[in-house]
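Reader: Can you walk me through how some helices pack here? Keep it short, please.

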Amino acid sequence: MSATKRVQQWSTFSRMWYLYDAQWQDPFHSAKVLSPYLTGQNKPIYHPLNDCGDHVVVINSQEIALRGDEWKKRVYFHHTGYPRGASWTLAWELHQKDPKMIMRKAVFKAITSNLVRRTCIERLHIYPGSEIPEEIKSNLSGQIRPVMPVPKRLQEYSKEEIENYPKVFDFPNDYILR
Amino acid sequence: MAALWKTCQQCLRYGFSNVSIYTSITAVNVISKRNFKAHWVAPTLRELKRRKVIEDDRNGGPKIFHRSTFLEWNYDAEIFAFSNRLGEKFNDLSLRAALTHKSYIERETARLSDIGVESNLQFQDNEALSQKGGELLSKFINGYLRAVFTQVPEELIRAMHDFLTSNPTLETVARHIGLGDLMLCADFPCKTETYVKSFKAIVAALAESSGEERARIFVQDLVVTQLYGQDVNELWNPVDPVGNLTAILKREGKAEPEFRLIRQAGSNSILGVYYVGLYSDKNFISEGAGESLEVAKEMAAREALKKFFRTEDSMRALPFGRQLKNIQSKIAQLENQPNIPLSEWISEKVMSAVH
């Protein structure tokens with residue numbers, strides 16, 4: 001193989017490292033977006049046996065947002081295998097115990113159930129906050145757009161932006177609000 | 001058997017009538033039957049095959065016979081067919097001389113003298129023709145390469161020429177035009193050198209018979225086409241691409257090459273990949289990829305040189321046949337005019353592409 005072809009082969013089959021910010025994102029919708037990257041279905045060289053999946057680093061998994069009353073109603077079932085080993089854990093309880101679990105389980109389910117699923121989930125790195133270890137950070141090569149746009153909180157607007165914001169009406173200075 | 005007889009009957013029926021075979025698609029009732037051969041037939045055939053394989057292995061391969069040992073061998077007809085097959089006109093004497101080897105003449109004279117017959121055969125061997133043919137071959141190949149690869153340094157031209165005139169390449173060509181059956185040589189199966197000698201002699205014979213122009217086209221159509229699909233950069237690339245690139249840019253009066261990391265992935269992992277871009281005075285020239293920064297840098301330099309020499313992967317396909325109609329004179333002109341060597345290469349000096 002000539003040098004050019006060798007290098008072309010290497011770069012074609014290299015793995016990308018994507019960053020995904022799960023701040024205020026729905027983990028189940030996010031999982032649907034992340035699973036093609038983990039399996040490699042975003043690539044033209046994809047084949048189920050090709051093992052061409054990329055790495056995805058999820059940050060702020062502590063800050064995920066479940067819809068409606070799912071925090072109270074969604075339940076995670078686990079059985080130890082032993083008699084009387086069944087347990088039902090509510091989403092908020094599970095999130096308290098391990099803030100990475102909900103995200104991980106969501107992505108695991110989103111990946112099609114087959115023998116490569118365990119390998120793919122190994123390439124998902126979840127962090128509860130925004131701190132990433134240096135070894136992982138140096139690998140990153142791309143970013144995946146969040147599923148839902150993150151709204152800007154009022155506290156995040158600067159004073160100049162608030163003053164210059166176009167207004168239709170404002171109270172006079174001496175007006176007292178009740 | 002019954003199925004065969006049935007289809008034959010139908011063919012006869014259709015043959016005698018004026019109806020075409022293809023009009024109706026009636027379902028022909030083809031019944032596949034088991035072949036009831038005697039119980040000893042299959043084992044016998046298997047044993048015979050096994051013994052044949054062992055015997056062949058002992059003899060170093062299955063026995064092959066020259067075509068002339070089979071029936072209906074007419075050497076004169078074969079010679080006639082050969083020239084017609086190629087679409088060329090050969091002088092009979094030149095062609096026969098080109099196909100006759102010294103070893104054959106020696107063997108025949110020795111054989112005749114053993115019998116006691118004085119040989120007054122006027123055989124001419126292909127030594128001189130093959131020598132001349134080799135020179136013509138080199139000349140025509142160089143002419144074509146220099147006319148098509150105008151931007152390329154002389155070292156690469158030489159490498160491509162060496163590839164095209166190498167024994168394996170010429171043997172392939174010689175085999176495929178049927179010289180194996182036509183050559184008169186003492187060795188059988190014929191050696192590579194014999195094939196190559198015959199082919200070169202054929203080129204010289206053609207030049208003698210139909211002129212150099214025809215011989216040039218013959219070489220282009222049969223030998224140079226072996227370059228088609230071959231990555232020319234595999235044949236030659238400079239040892240120090242970064243050094244050579246810097247020298248070229250300096251000669252052209254451009255700024256020094258600057259290497260910048262464009263993108264990277266997985267630098268901490270074993271599957272890390274780096275993309276390095278090459279810039280000269282903030283102008284992008286090329287980019288290269290690699291598993292380490294050093295490899296990526298070298299590949300970027302190599303890509304830049306490929307871009308200068310117009311030998312990228314996306315380069316134009318080689319022209320043949322009708323596409324060369326207008327530039328044959330230019331090819332003849334460049335046969336004795338080497339390209340610029342790498343040490344003096346500069347883009348102002350090279351000609352614009354001929355085709």
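Reader: At what angle do H13(B) and H14(B) cross?
Author: Roughly 45 degrees, with the axes coming within 8 Å. H13 spans residues 241–251 of chain B, and H14 spans residues 293–309 of chain B. This is a predicted model: local features need pLDDT of at least 70, side-chain atom pairs count only at 80 or more, and totals for chains, interfaces and linings use all residues. Residues are numbered from 1 along each chain as written, chains are lettered from A in the order written, and side-chain values use heavy atoms without hydrogens or water.

Reader: Left-handed or right-handed crossing for H13(B) and H14(B)?
Author: Left-handed (the near helix is turned anticlockwise from the far one by less than a right angle).

Reader: Which residues of H13(B) make the contact?
Author: Pro241(B), Val242(B), Asn244(B), Leu245(B), Ile248(B) and Leu249(B). Contact means heavy atoms within 4.5 Å. Partners on H14(B) include Phe308(B) and Phe309(B).

Reader: How many of the contact residues are nonpolar?
Author: Ten are nonpolar, one is polar and two are charged. Nonpolar means Ala, Val, Leu, Ile, Met, Phe, Trp, Tyr, Cys or Pro; charged means Asp, Glu, Lys or Arg; the others, Gly among them, are polar.

Reader: New topic, chain A. How far apart are the axes of H2(A) and H5(A)?
Author: They are 8 Å apart, at an angle of about 55 degrees. H2(A) and H5(A) are therefore oblique to each other. H2(A) passes H5(A) in a right-handed crossing.

Reader: Which residues of H5(A) touch H2(A)?
Author: Ile102(A), Met103(A), Ala106(A), Val107(A) and Ala110(A).

Technical notes:
Axes are lines fitted to C-alpha atoms, for helices over the stretch in contact, and angles run from 0 to 180 degrees between N-to-C directions. Helices (H or I, at least four residues) and strands (E, at least two) are DSSP runs, numbered from the N terminus. Angles under 35 degrees count as roughly parallel, over 145 as roughly antiparallel, 65 to 115 as roughly perpendicular and the rest as oblique.
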